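Thanks for coming. I'll take one structure today, going through the sheets, then the cores, then a few single residues.

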Amino acid sequence: MKYKILMTLMGLEIGGAETHVVELSKELKKQGYDIIVASNGGVYEKELEEAGIRHYRVPMNQRNVLKMLKSYYLLKKIVKKEQIDIVHSHARIPGFICGRLQKRMKFTFVTSAHWVFYTGMGLKYLTNWGQKVIAVSEDIRQYLMDNYHVRSENIFVTINGIDTDKFSPETDAENIRKGFHLKREEPTLVYVSRMDESRAMVARQLIAIAPKLAEKIPGLRMLIVGGGDVFEELLEKSRQVNAGLGRECITMTGARTDINELVSVADVFVGVSRAALEAMAAGKTVIVAGNEGYIGLFGEEKLEMAQENNFCCRGCEMSEEDKLYRDVVHAFCDMTTEDRQKAGAYGREVIFRYYSVTRMAQDSVKAYDAAWKESHEKQYHVVMSGYYGFNNTGDEAIMLSMHKNIQELGDNYHITVLSNKPRETKEKYGIEAVYRFGVRDVLRAIHDSDALLSGGGSLLQDSTSTRSLMYYLSITVAAKLMRKKVMLYANGIGPVSGKRNRRLVKQVVNKADLITLREENSYEELLAMGVNPKKCFVTADPVFTMDGISKQEAYILLEKEGIPLDKPLVVVSVRNWRDMDKFIIRFAKLCDTIVQKYDRTIVFLAMQMPNDITISEKVQKKMEQPAYILRGSYSPGEVMGMISTADFILSMRLHTLIFAARQHVPLVGFVYDPKIEYYLEKLEMPSGGDLKTFRLEQTLALVEDIIQNKESYVNRLKAKAEWLNQKAHRNEKYLMRLLEKKKP
């Protein structure tokens, strides 16, 4: 769909954000979109007019109540008259006004974040980021999430797209040379920025070091381009420097629109953000420096750092006169003309590769499409509660599987996870998360949702502690008090031993709208407590739908851990439990026998860090043969991939068994909990017995049978895993019906 788009910004004077809007508007116009711009006006109005883009004057350039009210009513008329599809705001004041207007007029609303804003004195609450927000760098994306709690899925990262025809080594510079009496042989430095107090620090530094530079670089000319609130002050200082040198070294040009021609006369360019990118497109040697920090002479080794902050230097060391002097002198005196041309050619290559205007427009259209779809399609927001963010691979696998399966229902399904480490969950998996013990954040997430999913694992049990049981029950109660739908999603129930605890589970779980259970045992347990069976459906663990990394990738990880790959691997997964001493001794003997008799390599896998490392070390110390422990921190997909390399598995952990089944790797399970026994029966895989009745000879016989008849075990697992995969996918289908108010 070719939308009619209204761009709103403060003004159209010289500036990076202003240029961004002009270039974006022109490119979208070329692509067939109908573009209209509203602002307080400025020097770029003519360029928009020449491109066939209409401009409305709206005074959105000041935090003045009367002007903001006037802007509100002017924009209301424009939206009605022009029948606008999408409003795209590019600064705090336009965003705030359009946000208020959007509540009344219900248009699709997108914003762009070109910079980081001061959030104190209540200004944070004058900011509206719309339905979707386009950030011009990764660090601004993080800023939006940290300071405004914008959901990561609502942020689209773009670039400052540069017109490489306009900014080109071929640009004619003669008008500038004549206008400023520049001779070709004169070494020329060009700096471009607004001359505002918040932007002009490097201009001040250049003026301050100009006498030293002129002494070191004979005939140096400096063009300082831009206007602003400190322009007159800096003009006076530049005149004093020129008077001291007895010639015009510094030329203050004021505000200009012919930036491409001014850049074209530079041997060396100094600036940040869009100005630096434009100079790179023109093939110039660039020193990246601004009020936010200092990157210095740009080259291949600086690319990653510069891209992280969109060439704005945020988070870098601050600009100082000595650093600036050193790099300017190096660029003019130590670098040859050929060196500068080479640096310029690399910069232009970077622009073509990463900073095209076409890509900037495409990124914006993606945000428009997502926002438009959100405006015109029913949206579902769910909160997932579980044992997430505790370094337990099994529970992380549940979280990832649930998230993936629900997300595949459509882009209109939005998920927030309650995690013990929300930042890590976001950064590691790209999943929206809040702190599970942050009462305010949890209640806000539930309030903003359509449904709470008490998701996966054995959440309702009191064998570890009653406190854990109370946590999950209280989350469910909170959701029901807010009249939200509640689904127990593929839960394993129990054991719940205390009589009071069983009564509480019955009371709370009966309030749930839908219950899916990962095994029949859990179904029977709920019925025994008195839970309504009409709400309960047996499915399977969501992890039966998960995929792992490839074997090739897994072998690389194993090699990095120093695991020898000259013999078949047996992956062992143990966990700490009650009365383990005798089991550890016997289990170590089992591992020794497998190494000696069957010439296998034993590799211990930790499913929960660091707990499983400790118990693995205890078994390893009791062994007489060599064995290895995987000590790295791995994602569930990586763990599943490494399991796929094994000849067979020995495991106490449920999700190690599920990973093995998913990869069709034969396994022997050791029972510490009924859930292990249940899945061993479902998979038709052998049991080594419970921890107290473990018999070495019987288990060795099972191992012998697996080795001798491996193909039959593999084939059995293929069939069982596929059946359980299909059952597991019923979970999200039940959820979809619940949200769409269909009966299960």
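I'll start with an open sheet of 7 strands, whose pairing is parallel and whose order is β16-β15-β14-β17-β18-β19-β20. Please keep in mind that this is a predicted model. At the edges of the sheet are β16, residues 433-435, and β20, residues 536-538, each of which pairs on one side only. On average, and ignoring direction, neighbouring strands here are turned by 20° against each other.

Within that sheet, take β17, residues 451-460, and β18, residues 485-493: they pair in the parallel sense over 7 bridges. One of the bridge pairs joins alanine 451 to lysine 485 in β18. Packed on the sheet is helix α29, residues 730-739, which touches β14, β15, β17, β18, β19 and β20. The direction of α29 makes about 160° with that of β18.

Next, the part of the chain around β25, residues 667-671. How many residues of this strand are buried? The count is 5 of 5, so β25 is mostly covered, buried being under 20% relative accessible area. As a reminder, side chains in a regular strand alternate between the two faces of the sheet. In β25, Leu667, Gly669 and Val671 lie on one side, Val668 and Phe670 lie on the other, and all of these are buried.

What does β25 pair with? One partner is β24, residues 646-651, in the parallel sense over 3 bridges. There, serine 651 has glycine 669 of β25 as its bridge partner. Together with helix α25, residues 654-662, these two strands make a right-handed β-α-β unit. Another partner of β25 is β26, residues 687-690, again parallel, over 2 bridges. Glycine 669 stands opposite serine 687 in β26. From β25 the chain crosses to β26 through helix α26, residues 674-683, and this β-α-β crossover is right-handed.

Now the cores. The largest nonpolar core has 98 residues, and the members touching the most others are Phe587, Ile602, Phe604 and Leu650. Helix α22, residues 581-598, gives the most to this core, with 9 residues. A second, separate core has 65 residues, including Val110, Ile159, Leu223 and Ala281.

Back to phenylalanine 604. Leaving aside neighbours within four places in sequence, its contacts include Val572, Val574 and Cys591, and also Val619, Met623, Ile629 and Leu630. Ser616 and Gln620 are among the contacts of phenylalanine 604 too.

Last, a loop residue. Asparagine 154 sits in the loop between α5 and β7. Is asparagine 154 buried or exposed? With a relative accessible area of 14%, asparagine 154 is buried. Leaving aside neighbours within four places in sequence, asparagine 154 is in contact with Gln131, Lys132, Val133 and Glu374. From asparagine 154 to lysine 567 is 413 residues in sequence and 49 Å in space, C-alpha to C-alpha.

That's where I'll stop.

Notes
Residues are numbered from 1 along each chain as its sequence is written. This is a predicted model: local features need pLDDT of at least 70, side-chain atom pairs count only at pLDDT 80 or more; totals for chains, interfaces and linings use all residues. Side-chain values use heavy atoms; hydrogens and water are left out. A nonpolar core is a set of buried Ala, Val, Leu, Ile, Met, Phe, Trp, Tyr and Cys residues joined through side-chain atoms within 4.5 Å. Buried means under 20% relative accessible area, exposed over 50%, partly exposed in between (1.4 Å probe, protein chains only). Helices (H or I, at least four residues) and strands (E, at least two) are DSSP runs, numbered from the N terminus. Contact means heavy atoms within 4.5 Å. Two strands pair if DSSP finds at least two bridges between them. A crossover is right-handed if, with the strands pointing away from the viewer, the path from the first strand over the helix to the second runs clockwise. Axes are lines fitted to C-alpha atoms, for helices over the stretch in contact, and angles run from 0 to 180 degrees between N-to-C directions.
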